[in-house]
Amino acid sequence: MRSLRAVSELFPRAREVGLTDAEVSESRARFGANRLTPLPKEPVWKKFIEKFDEPIIKILLAASLLEIVVDLFDASPLAGGIAIASILAIYITKIFVRIREQLPAILFGLALFWVIVSVAIGSPSYEGLAVMIAVVLATGVSFFSEFRSDKEFEKLNATKDSVRVKVMRNGGVQTIPLEDVVVGDLVLLEMGDEIPADARLVKTNDLSIDQSLMTGESEPVKKAPARDDDTSDGSEEMGCVFRGTQVVNGAGQLVVTNVGDDTMIGQIARRLSGEPDESLPPQKETHESPASREERIQQKLTISKSLTPLQEKLEALASLISKIGYTAAIAIFLALLIRGLWIGELRWPGTGEDSKQVLLASVKALLSYFVYTVIIIVVTVPEGLPMSVTVSLAIAWRKMSKANSLVRQLVACETVGSATVICTDKTGTLTQNKMTVSRIVLSGRVFENSLSDTGMSNAGVPIPGTPLYWLIINAAVNSTASLEQKNDKLLTVGNSTEGALLNWLQTGAWISSGHPISYVEFRTLNPVLFQIHFTSDRKRMTTIAKVNDRAVTLVKGAPEAILTACDKYLDIDGTVRALTEEIRANIHAQIAAVAGDAMRTLAFAHVEQSPDFPQNGEAIQLLRQEQAQTAMSLLEPFERGLIFTGFVAIRDPLRDDVKAALQQCRQAGIEVKMITGDTIDTARAIGREIGLIDSSEALALTSAEFNALTDDEVKAMMPRFRILARALPKDKFRLVGLLQDQKHVVAMTGDGTNDAPALKRADVGLAMGIAGTEVAKEASKIILLDDSFTTIVRAVQWGRSLYENIQRFIQFQLTINLSALAIAFIGPFLGLRPPFTVLQLLWINVIMDTFAAIALCSEPPRENLMRKPPKKRDENILTRDMLGNILVTAGFFVVVMIGLLLGMQHDHWFAGEELQTNDLPLTARQVTIFFTVYVFFQVWNQINCRSLTSEESGLYRLFENPSFLLIASLTVVGQVIIVTLGGQVFHVEPLGVEDWLAIAACTSSVLVFAEFARQIRLLRTK
């Protein structure tokens, strides 16, 4: 890490006023941008090869190789023998060489080679080639789906670095993206910020940094300014800070010394990429291994791809169905084996028989049994079930991002839909966060819009010593906010309440219309010596500034906290008077009146210190430690004897859509609880205005009242509990825990550093994208880009839609699985075998697993979605209505397809002119019709599965989902192409236009049947 002296030699004024635009360009050209080398990704080719290692693909490869070997033996025993020897050689090689992961891909290459050989010797293995195509098709679809999912994750990872940084450039404060930070930048820090690059501190004010990312230690570390010539750079150094660590208390300024890959986190990222990095120092003062630090940094730099609870649940369901499918396949194979031995399909050559022909016929029969079991496995095993969740999550993430919900953990897409309680902040979430000073009360007098004729100003300049003078100094100096001009707009950088005060000064403070009062000038004339920032516990911010060569304590905060600390007040003419109980009561009444108008109140006070008061921050901190707070007083030694200046009322308009969104939550069975730092009167006024306090039973409590209650008492009143005022961060944490004890799924909003524990504890932590600190964002699962309550409601809607779409796919998948398994079981007892080839089955499987997943998981949210109660944590994903649909529709398929197969095999329905196709008991035309009927049934059934209840038709608003219609159309087009051009490979022949129309019309009967069944169930429930 470079020293401050080294940076100052390049940029002499960097630590005082920051860089100029020219110096920024020079620094970037010399030291590079603040971007990290992306973490290594698995090569695309390796991901593709891994797809061959899936159970279904292995089974298909085995079937393919067997088919090819038998065909080669039929054409040339020598070629067949060599093929068997090559397969054995590969398995022998596996014993001595580690090729387990590559084995399926090697076998695929071998199968492809022998298919080419079969073509070369004039006896092409069409069935083997068909299975090869099936393998390519299956692996290709699976690979493409995962590839798209990975692309979505890359987009999601890109959002991890969307951090804004406050810097001094060109003599003013600017906010810039983290990646635009350069060496030499002067960065302003306050509580909740994330350190944007490795740097050395030049100013600190009670600054504490969370360095757990680097050290693994959760305890924050106190920091102090670095020496100019200090070159040490360990995490234990007081003046060093590192990229990715966070400010948990205090404020400060730093000068950036290293950016991008040259930072500590960048060097570790290079190590993760496999690049040697000798410059990376070892960890110190920690028992953790370097690997654990690397794991923390990898977690910091990437989005977790761990399975969500729903994915785990569906994988378990898929595993159960797979076991049933495999067991059924083995049982059917054994039954066919016994039947083959019984009827003589499998036998040893008899006397006078051609041994080669008899054995080859037996092997072919045995192979046909194996292929039949493969058919059962391929159709039954729902390997697309977990993939449907991935597709749905990706779609939900994309939709939620467009709706201003930036999802940081994919599990949140799923969980937010199950939320039963939303605990929301007021400012910026229910309100517009457009704060303006609307009323000022000084010495008991109320002022609105004008202070020019009060005797406290002269020619637009405040008269020293008056309440207005001290109010302006307090608003300008006792603040960490700034104003930034961007795109012809004046934007607040920092706290929005402080921003309202600065904007009030910018407009002339009601005494100088059109002539702004410069807060920058006031800060220059009255330099800050020491600051204690606002916390929810203290409810005030304190700054010691040098005013007219005298140390003055400036305090602003909650009126009750300020008034308690004051024993005097300032009259209009600047006279200091005793704060009697009568005057104090009058001020409280004025505050209550303002709060009743739903406005936030902020009180101000000051006190001049003695001439011998310390004049620098270190000495003041030492005084503070020497005169530590006692149990009798929560005031700092320099906060005693405060003089009350007055208070301001700040109005923040409600969002126009918040009432409707709140009503929508109630219809959806979601409780809403408002948690605010405002007074109880302001909170009640807001609650009544938005409809949250809608009855005499609705409860609004202060933090003190809330903490006076036991857990059981709070739980008992939870259904009536609507508002928590003057809330502390620990109140949020406790409330989340109590709600979760009652089996609620809790969504909690937060914007401050101290909100992080509650955000982490909540089922879904929602951080404010505009007003939130980086610490709060890091602790959250979703970031609200517009801070709006309506965005939360939309996120809930998309989360519920995701759950329903997965239910739709499960309904579709299980209908096919159940019907296919039933047909496979019943068929042999009736002397029937479904005439599917493996390649036909793979096409059906692609429709079932991929096309259907994309089509059904792209369904938009239903209108009635937010009129249903939330899903319970342990609720079965298979509902009674779904089971009814599955059983009824599967039964319809079984009856129709078995009946069609019986008619084709015994009564020669649709036989055409041929007698049979190869070894199949049906003609090519019959096979084609049976295959097409089955596919068209699935296309129509996708429409059926759009409905999850008896009340809704599958046709409901069908044409409002173009993605569904496109995928269904592509399925039909694909079937037409296969039938028309598939020929011998697919064992099909072209159909006429009349055939297509007849099949489409007849298979649509499943729609009519399903609608009829729904109406019957609906009548029975009524």
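Me: Which residue in β25 is the bridge partner of Ala700?

Reply: Ile723 is the bridge partner of Ala700 in β25. Strands (E, at least two residues) and helices (H or I, at least four) are DSSP runs, numbered from the N terminus. This is a predicted model, where local features need pLDDT of at least 70, side-chain atom pairs count only at pLDDT 80 or more, and totals for chains, interfaces and linings use all residues. Residues are numbered from 1 along each chain as its sequence is written, and side-chain values use heavy atoms, with hydrogens and water left out.

Me: How many bridges join β24 to β25, and do they run parallel or antiparallel?

Reply: There are 4 bridges between β24 and β25 (residues 721–725), and the two strands run parallel. Two strands count as paired if DSSP finds at least two bridges between them.

Me: What is the strand order of the 8-stranded sheet?

Reply: The order is β8-β28-β27-β26-β9-β23-β25-β24, in an open sheet with mixed pairing. β8 (405–407) and β24 (699–702) are the edge strands; each has a single partner, so one side of each has no neighbour in the sheet. From one strand to the next the twist averages 20°.

Me: Which strands does α29 lie across?

Reply: Helix α29 (residues 789–829) lies across β8, β9 (421–425), β23, β26 (746–750), β27 (764–768) and β28 (782–784), at about 160° to β9. Angles run from 0 to 180 degrees between N-to-C directions, with axes fitted to C-alpha atoms, for helices over the stretch in contact. Contact means heavy atoms within 4.5 Å.

Me: And α23, what does that lie across?

Reply: Helix α23 (residues 680–690) lies across β23 (671–675), β24 and β25, running at about 140° to β25.

Me: Switching to α7. How far apart are its end C-alpha atoms?

Reply: They are 26 Å apart, which agrees with the 26 Å that the 18 residues of α7 (residues 103–120) should span. The expected span is 1.5 Å times one less than the number of residues.

Me: Which of its residues are buried?

Reply: Those of α7 are Leu103, Pro104, Ala105, Leu107, Phe108, Leu110, Ala111, Trp114, Val115, Val117 and Ser118. Buried means under 20% relative accessible area, with a 1.4 Å probe and protein chains only. Just after α7, Gly122 has a positive phi of about 85°.

Me: Last one, Ala561. Buried or exposed?

Reply: Ala561 is buried, since its relative accessible area is 18%. Ala561 sits in helix α19 (residues 559–565).

Me: What is Ala561 in contact with?

Reply: Leaving aside neighbours within four places in sequence, Ala561 is in contact with Arg538 and Lys539.

Notes. Buried means under 20% relative accessible area, exposed over 50%, partly exposed in between (1.4 Å probe, protein chains only).
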